[in-house]
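User: I am new to this structure. Please show me how to read it, one feature at a time.

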Amino acid sequence: MALLEIRDLQTHYGAIEALHGISLTVERGQIVTLIGCNGAGKSTTLRAISGLIPVTSGSILFDGKPLVGVAPHEIVKLGVAHAPEGRGIFANLTVDENLDLGSYLRRDRDGIARDRERVFELFPRIRERLRQNAGTLSGGEQQMLAIGRALMARPRLLLLDEPSLGLAPQVVQTIFRIIREINAAGTTILLVEQNAHMALQTAHFAYVLEVGEIVMQDEAKKLAESDEVRKAYLGVA
Amino acid sequence: MTKFLQTLMDGISIGSLYALIALGYTMVYGILRFINFAHSDIFVLGAWLSFSVALCAGWTASGAPLLFPTWLWTVLIVVSVLGPLLYVVERTALPALRSSLGPRVPHALAGGFVVTAAVWAWVLVGLVFLARATTASASFRPLTGVVILVIAMGGCGLAGYLIERLAYKPLRAAPRLNVLITAIGISLFLQNSGQLKFLFGTQPQKMPELMENKPLAVVAGVAINRVDVIGAGTAVALMFALEWLVFHTRLGRAMQAVSYNTRVASLMGIDVDRVISFTFVLGSALAAAAGFLFVMKLPGALRQPADTGWVLLGLKAFVAAVVGGIGNIRGAMLGGLFIGLLEYFGVAYLRPELRDVYVFVLLIIVLLVRPSGLLGKATVEKV
Ligand SMILES: Nc1ncnc2c1ncn2[C@@H]1O[C@H](COP(=O)(O)OP(=O)(O)OP(=O)(O)O)[C@@H](O)[C@H]1O
Ligand SMILES: [Mg+2]
């Protein structure tokens with residue numbers, strides 16, 4: 001059984017249908033990416049998984065358990081962490097307190113301490129900024145904090161919404177290297193990206209979303225070589 | 001000098017009550033971004049509940065405790081039967097119905113909510129009997145005040161819990177104006193139902209003196225009264241407790257997270273609905289404490305529930321929240337004290353008939369010069 005299975009997912013914002021019945025599968029241990037243009041419905045898909053928006057029809061199964069209709073905090077409890085679009089840093093709290101909130105549901109002190117160390121290894125910058133107000137971090141640092149905070153939940157599935165947005169090329173490289181490291185350590189990742197080039201290099205499997213519909217799906221390497229994707233998303237003539 | 005000290009003391013003791021009420025306005029605003037207009041009525045409820053419980057405990061002219069009204073027992077029993085019933089149906093029949101009839105069958109029937117309310121109400125009833133016992137015993141009689149304070153806080157906390165759950169929660173996704181109008185509706189409902197004969201009635205009352213109000217000391221000609229010291233001490237203790245709760249506990253961290261960004265808070269695994277409920281309970285309990293302390297200090301000021309004097313007090317507490325920076329907990333405490341002092345010094349040294357004017361002029365000045373309040377700051381968000 002796959003870790004995440006979405007079947008015929010339909011969602012609405014008011015009267016507007018944002019997803020017209022998409023299906024996708026995330027296999028255990030993989031990085032799966034969802035790429036597409038602005039407004040394609042990538043963030044909407046992640047929001048539906050996390051229970052942030054209502055689902056009109058279709059099903060979402062996480063490890064065999066249905067997620068539709070389950071409250072967001074219960075979904076976190078099941079093992080899904082979501083670093084949302086725009087990072088969602090609590091700017092009224094310190095970096096330290098933000099990290100703490102990531103492990104809000106956990107009680108295992110030792111495990112939490114170990115995971116903090118791991119986050120610091122991945123993002124040394126965060127350790128230096130612990131006492132600082134999170135709102136004063138640079139954009140890249142905020143992104144690192146958002147990913148680190150999501151890891152503090154020790155998720156089985158990590159949802160990342162455009163982790164490379166607005167970052168300098170070098171920082172983007174770092175972030176993607178870390179995404180691979182996180183995955184290598186055993187966390188399954190569903191990665192939403194506009195940077196199709198990096199996403200396809202990093203992921204095992206990829207889906208292309210266009211205005212609420214999945215139009216292509218294949219192994220990431222193969223998609224990266226397909227003419228359509230090269231033209232539309234990789235900017236190769 | 002005497003006048004100055006006296007004014008200072010009055011200002012601080014009334015100001016700390018404004019602060020307690022302002023905290024409820026500010027906490028709810030901080031989390032839901034709306035002004036809970038029914039909040040000042042919770043303060044009134046706290047005052048009247050203190051009075052009614054005192055009578056039930058035996059602080060009557062004859063010394064015989066007042067009986068519980070029958071309707072109260074009826075409600076208690078109905079709720080106590082209904083709650084477990086709903087709960088059992090939720091657990092047994094609903095999942096089966098859902099799988100056969102599909103997702104239109106609701107997940108829950110609010111069984112947990114009704115059970116919680118019922119248990120809570122029974123605890124309060126138990127506490128009333130405790131108050132009765134302490135009143136009757138010579139050695140524990142001085143403790144009755146504490147028990148009554150706890151009952152008032154618990155009772156208003158329950159009221160806040162019910163109001164949020166029944167009136168505001170269904171409007172979570174509605175435009176803010178709808179919630180605001182609902183709050184005004186709740187406020188009118190509380191004011192008017194409070195006047196019902198089987199609740200508090202339409203007559204002003206006098207709070208029994210739960211403790212002898214003798215001066216503890218005389219400083220520079222000013223008597224420092226026991227009630228004032230205990231009252232201000234309680235208010236300050238509650239504020240310290242709140243400060244600790246919000247800034248040093250897991251639950252407080254969750255409250256801060258929800259107040260900054262509800263959506264992201266839920267992604268951290270925080271049960272947002274529970275945090276909101278808790279915020280209402282907490283704010284209502286603090287307002288109830290203010291109500292209790294108010295009638296302890298001014299036993300003759302227990303005006304009938306819909307009296308405009310109450311509204312004015314609530315309004316000043318609201319001004320305190322705005323002046324301190326709405327949404328800011330420390331701001332509300334500071335604002336309350338500030339408003340209390342301003343009011344009393346204005347009355348003592350300027351013109352007494354302009355008592356209410358000072359407060360509202362301050363509001364206007366703050367809104368013009370520093371609209372985010374003394375401690376409020378405009379939030380900066382990085383994109
Ligand atoms: N809260 C909302 N209310 C109404 N419509 C919305 C809302 N959020 C998103 N939409 C619409 O739903 C569609 C999908 O939006 P979504 O945020 O999922 O896009 P996206 O693929 O994440 O785009 P981007 O790459 O720009 O982040 C868009 O047409 C958008 O306008
Ligand atoms: Mg998006």
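User: Start with a strand pair. Which residue in strand 2 of chain B is the bridge partner of V219(B)?

Analyst: This is a predicted model. In strand 2 of chain B, V222(B) is the bridge partner of V219(B).

User: How many bridges join strand 1 of chain B to strand 2 of chain B?

Analyst: Four bridges join strand 1, residues 215-219, to strand 2, residues 222-225. The two strands run antiparallel. Together they make a hairpin with two residues between the strands. In that hairpin, A220(B) has a positive phi near 50°.

User: What is A118(B) in contact with, leaving aside its neighbours within four places in sequence?

Analyst: A118(B) is in contact with V79(B), S80(B) and G83(B). Look at L76(B) too. L76(B) and A118(B) are 42 residues apart in sequence, yet 6.8 Å apart in space, C-alpha to C-alpha.

User: Can we read a whole helix that way? How many residues of helix 1 of chain A are buried?

Analyst: Count residue by residue. Nine of the nine are buried, so helix 1 of chain A is largely enclosed by the rest of the structure. Among the buried residues are K42(A), T44(A), R47(A) and I49(A). After the helix comes G51(A), with a positive phi near 80°.

User: Next, the ligand. Which residues come nearest to ligand 1?

Analyst: Of the 13 residues around ligand 1, the nearest are Y13(A), N38(A), K42(A), S43(A) and T44(A). Then ask which elements supply the shell. Strand 2 (16-26) and helix 1 (42-50) of chain A each give two or more residues. Helix 1 of chain A gives the largest share, three residues.

User: What is the shell around ligand 1 by class?

Analyst: The shell has four nonpolar, seven polar and two charged residues.

User: Last, the two chains. How many residues of chain A are in contact with chain B?

Analyst: In chain A, 24 residues are in contact with 20 residues of chain B. Helix 2 (72-78), helix 3 (95-102) and helix 6 (139-151) of chain A each supply at least two residues of the side that touches chain B. By class, that side of chain A divides into 11 nonpolar, 10 polar and three charged residues.

Terms used
Residues numbered from 1 in each chain as written. Chains lettered and ligands numbered in written order. Predicted model: local features only at pLDDT ≥ 70, side-chain atom pairs only at ≥ 80, totals over all residues. Near = placed C-beta within 6 Å. Nonpolar A, V, L, I, M, F, W, Y, C, P; charged D, E, K, R; others polar. Contact = placed C-beta atoms within 7 Å. Pairing = 2+ DSSP bridges. Buried ≥ 20, exposed ≤ 12 C-beta atoms within 10 Å, placed from the backbone.
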